[in-house]
Amino acid sequence: MIDVRAKGKNGELEVVSIINDELGLNVRRNLEQCADGGSDIIGFKPWAIEVKRGKKFRHEWWTQTAEQAVRQKEKPVLIFRLDYHGWRAVVCLSDITDFVFLDRVEMDLKTWCNVARELM
């Protein structure tokens, strides 16, 4: 049987490691995320980072990410990994460009790190 909580925790720790290595930051897991409803990963303003793992992409992942970001007054980023695939990131196009479109764009995690670095 799969321990969903352990799978989520391990995914968050993996993403924390990648972001810290790629960007030289000190982001960390939000240990109070269940109590305060905050992002999974904290320490990288203005991003509200939600991490998900699963067999297939679920659209409610983005809904949760976006609603949470609004509450935190931050920009939403959903970082997810499907089984047997690499990490991906979903962001609003308007949060990474001068375009005012609300369309989302998906990219691999290291590409998002490069984009985020340019916006820092």
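**Exercise 1. The largest nonpolar core**

Task: In this predicted model, find which residues of the largest nonpolar core touch the most other members, and which elements give two or more residues to this core.

Solution: Begin with the membership, for the largest nonpolar core holds 22 residues, and those that touch the most other members are Ile-19, Phe-44, Trp-47, Ile-49, Val-77, Ile-79 and Trp-112. Next, turn to the elements, where two or more residues each are given by helix α1 (4-23), the strands β3 (47-54), β4 (75-82) and β5 (87-92), and helix α5. Of these, α1 supplies the largest share, namely 5 residues. As background, nonpolar side chains in soluble globular proteins tend to be buried together.

**Exercise 2. The surroundings of Ile-79**

Task: Leaving aside neighbours within four places in sequence, list the residues with which Ile-79 is in contact.

Solution: The list opens with Val-15 and Ile-19, continues with Ile-49, Glu-50, Val-51 and Lys-52, then takes in Trp-87, Arg-88 and Ala-89, and ends with Leu-109 and Trp-112.

**Exercise 3. Backbone angles in the loops**

Task: Find where Lys-73 lies, where Tyr-84 lies, and whether each is buried or exposed.

Solution: Start with Lys-73, which sits in the loop between α3 (59-72) and β4, and whose phi is near 55°, a positive value in a residue other than glycine. Its relative accessibility is 75%, and since exposed means over 50%, Lys-73 counts as exposed. Then take Tyr-84, which is found in the loop between β4 and β5 and has a positive phi near 70°, although this residue is not glycine. With a relative accessible area of 83%, Tyr-84 is exposed. A further backbone feature is the cis peptide bond from Lys-45 to Pro-46, where omega is near 10°; Pro-46 belongs to the loop between β2 (41-42) and β3. For comparison, most residues other than glycine have a negative phi, and most peptide bonds are trans.

Conventions
Residues numbered from 1 in each chain as written. Predicted model: local features only at pLDDT ≥ 70, side-chain atom pairs only at ≥ 80, totals over all residues. Heavy atoms only, no water. Core = buried A, V, L, I, M, F, W, Y, C linked by side-chain atoms within 4.5 Å. Buried < 20%, exposed > 50% of the residue type's maximum accessible area, 1.4 Å probe, protein only. Helix = DSSP H or I, 4+ residues; strand = E, 2+ residues; numbered from the N terminus. Contact = heavy atoms within 4.5 Å.
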